[in-house]
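Please take a moment with the sequence and the model before reading on.

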Amino acid sequence: MIAVQMAVTVAILCNCLFISQQRLVRSHSPSGTDEPNIFVIANQWVVEPGDLPSRVTEDLVALRSLTEVVDAYATNSYPLSNSGTNDGISLQPNQKHSTTTAALYYGDEHALHTLGLTLVAGRNFNADEIIDQGENGQPQPAGVIVTRTLADKLYPRGNALGRTLFMTSESATTRIVGIVERLQIPWVGGGPSFDAILDNSVLVPYRPIWQSSYYVVRARSGQLPATMKAAQKQLTDISRERVIEKVQPLLDARIEAHRNNRGFAVFLSVVCAVLLVVTAFGIVGLTSYWVAQRRRQIGIRRALGATRSGIVRYFQTENLLIAAAAAATGAALANALNLLMVGSFEMARLPIGYTVAGAVAVLLLGQLATLWPALRAASIPPAIAARGA
Amino acid sequence: MLKMTHLSKAYRTEVVETYALRDFSIHVREGEFVAVTGPSGSGKTTFLTIAGLLEEFSGGEYQLDGANVRGLNDNQRSRLRNEKIGFIFQAFNLISDLNVQDNIDVPLRYRGFNGAERRRRIQESLERVGLSARMRHYPAELSGGQQQRVAIARALAGTPRLLLADEPTGNLDTQMARGVMELIEELHRDGATIVMVTHDPELAVRAQREVHIVDGQVVDLGAQPRLVDRAQLHL
Amino acid sequence: MFNYYFRLALRSLRRNVVLTVLMVAVIGAGIGASMTVLTIYRAMDGDPIPQKSDRLFVPQIDNWGPDMEERPANSDGLPEQLSYTDASALIAAHTGRQTAMYSTVSALTPPNPQLLPFTVHVRATYADFFAMFQVPFKYGGPWNTTDDHSHSAVAVITRELNDKVFGGVNSVGRTLRLGGDDYRVSGVLDDWKPTPRFFDLADNRFGKTEDVLLPFTRAIDKQMTVWGNDFCNGDVGTGWAGYLRSNCVWIQFWVELPNASEVASYRAFLNSYAAEQRRNGRFHWAPRTQLRNERQWLSYEQVVPPPVHVMAIVSFSFLFVCLVNAMGLMLAKMLGRAADIGVRRALGATRRAILAQCLIEAGVIGIAGGLVGLLLTGLGLIGVRSLFTQQFIDLAHLDLSDLGICMLLAVVSAIIAGLYPTWRATQMQPALQLKAQ
């Protein structure tokens, strides 16, 4: 029974440790932007679409004119929002299967500065490259900015700058005019399929002229709350024919976006911790029971010359053998479980390090748990052999 | 009542076969009070467990109250035990969790009597052993002699055909032992069939006759005059 | 006899409090963890409209063909929504109850000029929606088919919106200003929160219904942009007209088919429609369609997210370990009571009687463990509500059926854990126990 408990514990422990660690790492992964100083305004107009281009321009000019604001731009989505647009990216026109997938962030020439992205090659957009984009329909941009990860994926030998790429629909050519260090896709709460493209982003030179869109604003360092208030006031001063659905700092968005990741990790950790306690307790209990059953035998051994530490070692060794068998079974079980989860539940493969770590941990737990009953066994007086149990 | 013919009981280990009972025969008639004696290791305890249907035997025949016991399955033997035999053990074997009333109740429950019947029998058997006042007490609260008398009440409650006693006074001091033996003799006078296993010759003497076992076989002393001088035993 | 064994069990458990507490605690912990996850799982996996499951259907049409590779991750690669062209065609061709719909957002300007406009979520749908999904009304009712045809500016609002905008009164006939236009309120919904939101699983599976419902035809007229999930393949064209003509799929489509022959004929119709599209050159591939009823749709869509499955595996494995533990404890208890069991056997108990007594004792432990587990589940759900996002919060509540399942699970688990110890108890030879005295 001890073996069974230990084996299952190993299986669960390995997988939980791995998944928790994965999720926690993901929840700390950087978006690549100046998060502490950026906030997003969700703006919805109540006016006719015809008015929109001038309204949006007016808004952006006003926002940028605020002293507390470093820069601002209008967009379709932003990092840590868990919503946005993605598209297949190909190297050839009308390629049957895309080379990879990337998130599309719309932005004008102010986007780079607002997000605080680092340009590692090429240039930013020029003002004349920016296309006003209506609700539907996508005129293909001539040039886009991509992340370094995406550039490497498309052109592994480097030199992606100036090269072409194709997005699903068109046969129209698009060139990479700039490469930024890092910009995470908006979907951070998903599974391994999103993990694979986590840093694949494309900055598209569109200004969204939509009824509903986001304004991303970067405040001066340390002035976030004041800037948020000022920005909101500025917009409502300009016009009340709008709804400001929310004004959210990126750091808050991060917490929301990763909530489920963290929650999942916490849940797994808690259950694992309790599992270890229950297993340890089970080992203590069952071993104590055996000690009690074999009182006489132990007394006889002591009478025949076994030392106290000899008795302890005897029980520790016994546990070690059981634990070793259990650990081996558990490791196999852990991998089997992992395969099941990879197949059915979108999990990643378990690295061997975790299997080993889990097995060793439970082994040590077993040894530790055996210690107390073993010490009790060692204190059984040899006189029992003579007196009877 | 209890008839064993050429009974044998063998214990097999990997290498050796030992016989606890060998070609053992005994016939106890209804209403008899028989003592089964013998030195320690002679097989009298085995005889008792077989007689009480607690163990199976290897060879020979055993008839209890006219019914052949060989080949009965566990359920049938349990029922037979429950209906026909009353046990009195050396260590009383009362269930410590339960009070006196519930202890006596145990075999009656397995018998299937309804509530009223069970209560009546418990009442009667407690009166028989003189412990009606202690119905609600727990074994731990009773003296050794009282516990044994409760055990006897338990044995009687099902109106068994046969009482099997194993060293009934073994765990009692002299005074209590006397009380219990007087009760047993009284039961015999009232018509009970009693087989008592004991190593104490003093107790054996109080039975009608004695069956002596040595090394698994009977040495029947029957109703012959005692070879042991009673007076000598008191020295 | 049951009562007897029950009382015996209680007494025996009281006698050795420490052991009892340990057994109950261990089982309680295992039940607590597994029930926490099971509650959520059941909430997610449930069928919110079982009485109509087999009459509500979702048609799917492959309007992308085999050489489009950006396929949804479901089992057959068919799009889960329809394009505008296909949806319109389907609506026009069928006469029974059906609805095409999508979700969008709009700005609502409250009648009180002091209040600022605010965003509302809107569902553009057909009048049949309400009857098909048995949506309850507090005041008034849905618009009718004529309104659908005439693209009327009429709307149904939720109770919460009604409370917020009109102070909760019967607002039927009043005007609602949405996106700068006036809409007549035809009805106010009573509380309606199907879990999951089976009619639109593309987005926000466990959330609330949209605040405003209005005719699909009207929304198309006003060019209300799609807010839900939208998948496009290939050329989209420009502007709203281009979008409607494209093969983007963004419309949820449901049809009510009351009996098997209707189902068969609809299936045939779908296939002939797809074949026709091939003939007139719109599709260049063999027609592929599918028709699933609501229950099949839920399982096809795999509503329960993978992390919840993983949590279920982990927590039930934990339960298993707890049961093994409990089994060890029960075994120790049985062996410690060998003498008592021996006495009972001597007094005439059959093996079955001992079995019954032991299993009933295990059952009693199960009941106690179940109660402890229930408490722990409550705590666990509180934990879940504080750790996870809103959609989990609404799911993490115990209802009566969860309660029942918790107790059942506890009793059954305890009995299973008790099987081996009980078997050992019944195998005890009474003679051996008594000889050992």
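Two residues are said to be in contact if their C-beta atoms, placed from the backbone, lie within 7 Å. The model is predicted, and local features need pLDDT of at least 70, side-chain atom pairs count only at pLDDT 80 or more, while totals for chains, interfaces and linings use all residues. Residues are numbered from 1 along each chain as its sequence is written, and chains are lettered from A and ligands numbered from 1 in the order in which they are written.

Between chains B and C, 22 residues of chain B are in contact with 20 residues of chain C. On the chain B side, two or more residues each come from α1 (44–51), α2 (74–84) and α3 (100–111) of chain B, and α2(B) supplies the largest share, six residues. Helices (H or I, at least four residues) and strands (E, at least two) are DSSP runs, numbered from the N terminus.

Within chain C, strand β2 (residues 98–109) pairs with strand β3 (residues 118–125) in the antiparallel sense over seven bridges, where pairing requires that DSSP finds at least two bridges between the strands. In this pairing T104(C) stands opposite V122(C) of β3(C). β3(C) also pairs in the parallel sense, over four bridges, with strand β8 (residues 212–215) of chain C, and there T125(C) stands opposite P215(C).

Chain A is assigned domain 1 (2–25 + 258–387) and domain 2 (47–240), with bounds from an automatic or database domain assignment. Taken over C-alpha atoms, the centres of these two domains of chain A are separated by 52 Å, and five residues of domain 1 are in contact with five residues of domain 2.
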